Amino acid sequence: MITSSPSHAATALQDHCAIAQSWQLRDLFARDTQRFQQFSLEAAGLFLDYSKNILTQDTVQLLCGLARAYKVEAQRDAMFRGDKINLTEKRAVLHTALRAPRGTKLVIEGRDVNADVHAVLERVYAFAERVRSGAWLGFTGKTITDVVNIGIGGSDLGPEMACHALRSYAQPTLNLHFVANVDGHDLDAALARLNPETTLFVIASKTFTTAETMLNAGTARNWFLKAGSTADLARHFVAVSTNATAVSAFGIDTANMFPFWDWVGGRYSIWSAIGLPLALAIGAEGFAAFLAGAHAMDEHFRNAPLEQNMPVLLAMVGIWNRNYLGSSSISIAPYHQDLSQFADYLQQLEMESNGKRVTRDGTVLNEATCPAVWGNVGTNGQHAYFQLLHQGTDVIPVDFIAALKPNHALPGHQPALLANCFAQSEALMRGKNADEVRAELQAQSLSETDIAALLPHKIFPGNRPSNTILLERLTPASLGALIALYEHKVFVQGAVWNVNSFDQWGVELGKVLAKRIESELSGDAQPQAHDSSTNGLIAKAKAAL
Ligand code: F6P
């Protein structure tokens, strides 16, 4: 296999794109009855159909050529090996090690990473078992009925999304709550429903310095101390963090702390002790299956050739749509109510990872990087924003995600759900042209004047790309594989865009300014140091507070 330079590979794709822009998906399907078989594949229990994208085998070859030119395979191997690929933070990126089976050898800076990971997992499983079985008692001897995870970003989105996705597998006697926002309405609403005697707080923060989490945790502790004593805190507060000193200073015994490591990025941390709420919900066996599903996708990503590699294909088709066909956002449409938070989860995973404007060596990029990621469950989205997907002026590729078998037994719902899912990708792909609309209106015996007036409104341009990802059923294992699929998609795209997917400096400026404004809001002096808008807004708030 001859690998060309990145610029040669990109030029070849640009030339190819000049031709591809005239293709119509409905013609591509009409010409090739094997298109579905050609552009679909199975891996780690997931099925991906990417045939409804504007591409041919040549496109796939050229896209894989681009991936090779950017040495995606070597970059992937460096990540799995534990090289410090997060250059700005000088850290390894090893979320894959969190789901490697016991005994997988990986030594980083003299530490047996696999042994450390499994030692913490054992503690997480044992603790989850004590709470689930009722053996862990609150300060008045009652069993725990409610668990509140206090965390934000990766310390919230992953556990919350996964607990919701796997609610059919959860222990019904344990209620899980997630509080993230510094807005007191979030915590206030949760506390109003809780009894301190039967509530366990999980304070989840990699750094244990995040302002929102620290404020919420402090308020929760004060709420608890109205009922219990400081000595009772140990039965009601546990921490998940990399920062033992800060956990201790907060008042949580480090015996009740579940550690993880700096080589786990926040948005990649659901596999670590940050997944404690999920382990509490679905138990050790379920959590182990979740890890195993992700590991199966890791093995596929490491070993399959690029042309048959699901994360690589998902990533490269995304790059085709973004950098060559010019789409600026992607919509995520899970046709599964239990995946209602999946788009929010992917927003952080994709946008915080690849929402970057400079290359790894700091050069300003000329090409577009991460598209905006957004979405909601089908069929709800169909009655809200799908109008724009079908007839708006922007072409927005969609990822449809569905499980073939439901986790409920209600008759009639699953065929209706799947019919809608498949109909939407067909409609986006085919569209409806002027001849088809005219024939339809004529069949309704409309006058020529009415037909002329209605016709442009009823045309669907079609040729709008989508992927469909099918799961046999939403289970701990298939959810693990699905998340890992997107993690590796993000990795491949970051490798080709040549950005550091594992830092997040873009969140810092707002944090610093908020600290300053917070002190101005509570102080006596009128703010002077900002622009007139910010000064004015602060003054208005000061007058109201
Ligand atoms: O501000 C962004 C961020 O650092 C995310 O990357 C992270 O997931 C989140 O904040 C929470 O961080 P922590 O777990 O350290 O509280």
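1. The largest pocket has a volume of about 1200 Å³. A pocket here is an open set of points on a 1 Å grid over the protein atoms alone, with protein on both sides within 12 Å along at least five of seven lines, and lining residues have an atom within 4 Å of a point. Grid points are joined across faces, edges and corners, and a volume is the space filled by probe spheres set on the points. Of the 38 lining residues, Ile152, Thr207, Thr210, Val507 and Lys511 are the closest to the centre of the pocket. Helix H19 (508–522) gives the most to this lining, with five residues; helix H9 (211–225) and H13 each supply at least two. Helices (H or I, at least four residues) and strands (E, at least two) are DSSP runs, numbered from the N terminus.

2. On the basis of the values: this is a predicted model, in which local features need pLDDT of at least 70 and side-chain atom pairs count only at pLDDT 80 or more, while totals for chains, interfaces and linings use all residues. Residues are numbered from 1 along each chain as its sequence is written, and side-chain values use heavy atoms, with hydrogens and water left out.

3. The largest nonpolar core has 123 residues, and those with the most contacts inside it are Trp263, Phe342, Leu479, Leu482 and Tyr486. Such a core is a set of buried Ala, Val, Leu, Ile, Met, Phe, Trp, Tyr and Cys residues joined through side-chain atoms within 4.5 Å. Buried means under 20% relative accessible area, exposed over 50%, and partly exposed in between (1.4 Å probe, protein chains only). Helix H18 (residues 476–497) provides the largest share of this core, 13 residues. The core lies between domain 1 (46–81 + 304–430 + 464–503) and domain 2 (97–286), because both give residues to it; the domain bounds come from an automatic or database domain assignment.

4. What does Tyr486 touch, not counting residues up to four places away in sequence? Its partners are Leu314, Ile332, Phe342, Leu346, Leu349, Glu350, Asp399, Ile401 and Ile469, where contact means heavy atoms within 4.5 Å.

5. Helix H7 (157–165) is mostly covered, with seven of its nine residues buried. The buried ones are Gly158, Pro159, Met161, Ala162, Cys163, His164 and Ala165. They pack against E6, H11, H13 and H18.

6. The structure holds 22 salt bridges, each defined as a side-chain nitrogen of Lys or Arg within 4 Å of a carboxyl oxygen of Asp or Glu. One of them pairs Asp338 with Arg167, the closest N and O atoms being 2.6 Å apart. Asp338 lies in the loop between strand E10 (329–335) and helix H13 (342–354) and Arg167 in the loop between H7 and strand E6 (175–179), so the bridge ties together parts that are 171 residues apart in sequence. Asp338 is buried at 8% relative accessibility, whereas Arg167 is partly exposed at 42%.

7. Glu352 and Arg267 also meet in a salt bridge (2.8 Å, N to O). Glu352 is in helix H13 and Arg267 in the loop between strand E9 (257–259) and helix H11 (276–303), 85 residues apart. Glu352 is partly exposed, at 23%; Arg267 is buried, at 3%. Elsewhere, salt bridges that share partners join Arg26, Arg430 and Glu436 into one network.

8. There are four cavities of 30 Å³ or more, a cavity being a set of grid points where a 1.4 Å probe fits but cannot get out. The largest cavity has a volume of about 90 Å³. Its lining consists of Leu314, Val317, Gly318, Asn321, Ile330, Pro397, Val398, Asp399, Asn467 and Lys489.

9. Some backbone geometry deserves a check. Most residues other than glycine have a negative phi, and most peptide bonds are trans. A cis peptide bond joins Gly378 and Thr379, with omega about 10 degrees; Thr379 is in the loop between strand E11 (372–375) and helix H14 (386–391). Phe208 has a positive phi of about 55 degrees and lies in the loop between strand E7 (199–204) and H9, buried at 3% relative accessible area. Asn498 has a positive phi of about 65 degrees; Asn498 is in the loop between H18 and H19 and is partly exposed, at 27%.
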